[in-house]
Protein chains: 2
Amino acid sequence: MAIKNSEEIKAILKEYGLRITKAREQVLSEYINSKKPLSIFDFKKKKVFSTWDESSIYRNITKLEEAGLIQSVPSSKDMKLYELAPKKDHHHHHHIICTQCEAVQCLHDCSIDGQLSKMAKKAGFTMQGHTLELTGLCAKCSK
Amino acid sequence: MAIKNSEEIKAILKEYGLRITKAREQVLSEYINSKKPLSIFDFKKKKVFSTWDESSIYRNITKLEEAGLIQSVPSSKDMKLYELAPKKDHHHHHHIICTQCEAVQCLHDCSIDGQLSKMAKKAGFTMQGHTLELTGLCAKCSK
DNA sequence: TTGCCTGCAAACCTTTTGCAAAGAT
DNA sequence: ATCTTTGCAAAAGGTTTGCAGGCAA
């Protein structure tokens with residue numbers, strides 16, 4: 001998703017019925033402009049967030065999730081991960097996690113639905129959905 | 001996987017160079033005989049485990065993971081999930097869960113590896129593995 | 001003004017660790 | 001006899017909550 005400026009962020013918050021506060025704008029901005037899921041740790045690393053109390057970041061993440069702007073992502077680590085929720089123009093996608101450095105990346109072409117439906121049918125089921133996570137080595141770690 | 005008795009469990013522990021203790025046998029047995037990933041909560045629910053201290057269960061899970069008998073599974077919840085590692089579960093497969101009656105069935109033809117590898121490669125990753133869960137309606141419930 | 005948001009501190013929950021006693025090899 | 005595992009209690013790390021004051025609508 002393209003980088004959005006402050007006015008656009010505010011408009012989105014308004015559209016979702018959320019109050020506009022500086023902390024909330026910054027949290028949403030991170031998710032909108034990030035290519036990968038973010039944990040509280042990712043926020044704490046950035047000095048922009050050193051002004052905000054951790055609990056406020058947590059509460060804003062919760063608010064954004066309740067509003068449907070972000071969603072939680074499965075992880076093997078001890079921290080919760082969230083990513084921007086898919087909008088209508090977005091594609092259903094999955095993640096691949098590096099088994100060495102734990103980097104997470106989104107995979108934007110999920111072209112296996114047809115095959116999965118067939119597998120389900122063989123077992124006598126009508127498929128409704130699926131969850132899929134890949135593991136592997138990222139470019140850096142496979143060197 | 002077929003249910004294994006106490007002697008078989010002991011043999012596996014020995015094979016993996018682990019000492020045989022009652023607690024460890026019971027933890028491994030749960031993973032071997034479970035059709036789904038287990039968290040510490042699943043252990044605490046069972047009264048067999050009420051005899052063991054939580055820290056011992058945690059330590060045994062750690063030991064089994066280090067030995068390569070179980071592996072961690074990505075999750076959105078607050079608790080870590082583990083499942084039997086694929087080596088012991090010689091038949092790589094997935095599950096489909098009925099969204100109505102919660103019946104679980106194994107899917108024994110996983111023919112998507114090739115496609116997943118391609119998806120991973122596009123993202124710059126070398127795929128190592130995947131976890132997949134399908135949801136749908138079973139034969140009975142879709143009537 | 002009204003009610004939501006924030007910082008602070010404390011509570012909470014899962015997981016880890018230190019230590020001495022009990023158990024496995 | 002030696003080295004590992006256990007129970008207990010305490011600590012650690014991430015997340016949530018209560019409260020009083022501050023800010024958005």
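Author: Let's start with a term: a salt bridge is a side-chain nitrogen of Lys or Arg within 4 Å of a carboxyl oxygen of Asp or Glu. Between chain B and chain A, the count is 1 salt bridge.

Reader: What makes Lys80(A) and Asp78(B) a salt bridge?

Author: Their side chains sit 3.2 Å apart, N to O. The limit is 4 Å, so the pair qualifies.

Reader: And what am I looking at, before we go on?

Author: This is a predicted model, where local features need pLDDT of at least 70 and side-chain atom pairs count only at pLDDT 80 or more, while totals for chains, interfaces and linings use all residues. Residues are numbered from 1 along each chain as its sequence is written, chains are lettered from A and ligands numbered from 1 in the order in which they are written, and side-chain values use heavy atoms, with hydrogens and water left out.

Reader: How many salt bridges does the structure hold over all chains?

Author: 13. One of the pairs is Glu25(A) with Lys22(A), at 3.7 Å, N to O. That value is within 4 Å, so the pair passes. Both residues lie in helix α2 of chain A, 3 residues apart, about one turn of the helix.

Reader: What makes residues of chain B and chain A count as "in contact"?

Author: Contact means heavy atoms within 4.5 Å. By that test, 40 residues of chain B touch 40 residues of chain A.

Reader: Why is an area quoted for an interface?

Author: The size of an interface is often given as the accessible area lost when the parts come together. Buried area is that loss with a 1.4 Å probe, summed over both parts. For chain B and chain A the figure is about 3400 Å², and carbon and sulfur atoms give 57% of the buried area.

Reader: What makes a residue pair a polar contact?

Author: A pair of N or O atoms has to be within 3.5 Å; within protein, one must be able to donate a hydrogen and the other to accept it, and residues adjacent in sequence count only if both atoms are side-chain atoms. Between chain B and chain A there are 14 such residue pairs, both residues at pLDDT 80 or more. On the chain B side, the elements that give two or more residues are β2 (70–73), β4 (94–98), β5 (104–107), α5 (113–122) and β6 (126–137). β6(B) has the largest share, 12 residues.

Reader: On to the DNA. What makes a residue "near" a strand?

Author: One of its heavy atoms lies within 4 Å of the strand. Around DNA strand C there are 22 residues, of which Arg24(A), Ser56(A), Arg59(A), Tyr58(B) and Lys80(B) come nearest. α4(A) gives the largest share of that surface, 5 residues. By class, the surface near DNA strand C has 6 nonpolar, 6 polar and 10 charged residues.

Reader: What do Arg24(A) and Arg59(A) reach on DNA strand C?

Author: A polar side-chain atom of Arg24(A) is 2.5 Å from a phosphate oxygen, while one of Arg59(A) is 2.6 Å from a base oxygen. Both values are within 3.5 Å, so both are polar contacts.

Reader: Which residues come nearest to DNA strand D?

Author: Tyr58(A), Lys80(A), Arg24(B), Ser56(B) and Arg59(B), out of 22 around DNA strand D. Sugar and phosphate make up 70% of the atoms of DNA strand D within 4 Å of the protein. A polar side-chain atom of Tyr58(A) lies 2.3 Å from a phosphate oxygen of DNA strand D, and a polar backbone atom of Lys80(A) is 2.8 Å from a phosphate oxygen.

Notes: Buried area is the accessible area (1.4 Å probe) that two parts lose on being put together, summed over both. Helices (H or I, at least four residues) and strands (E, at least two) are DSSP runs, numbered from the N terminus. Ala, Val, Leu, Ile, Met, Phe, Trp, Tyr, Cys and Pro count as nonpolar, Asp, Glu, Lys and Arg as charged, and the others, Gly among them, as polar.
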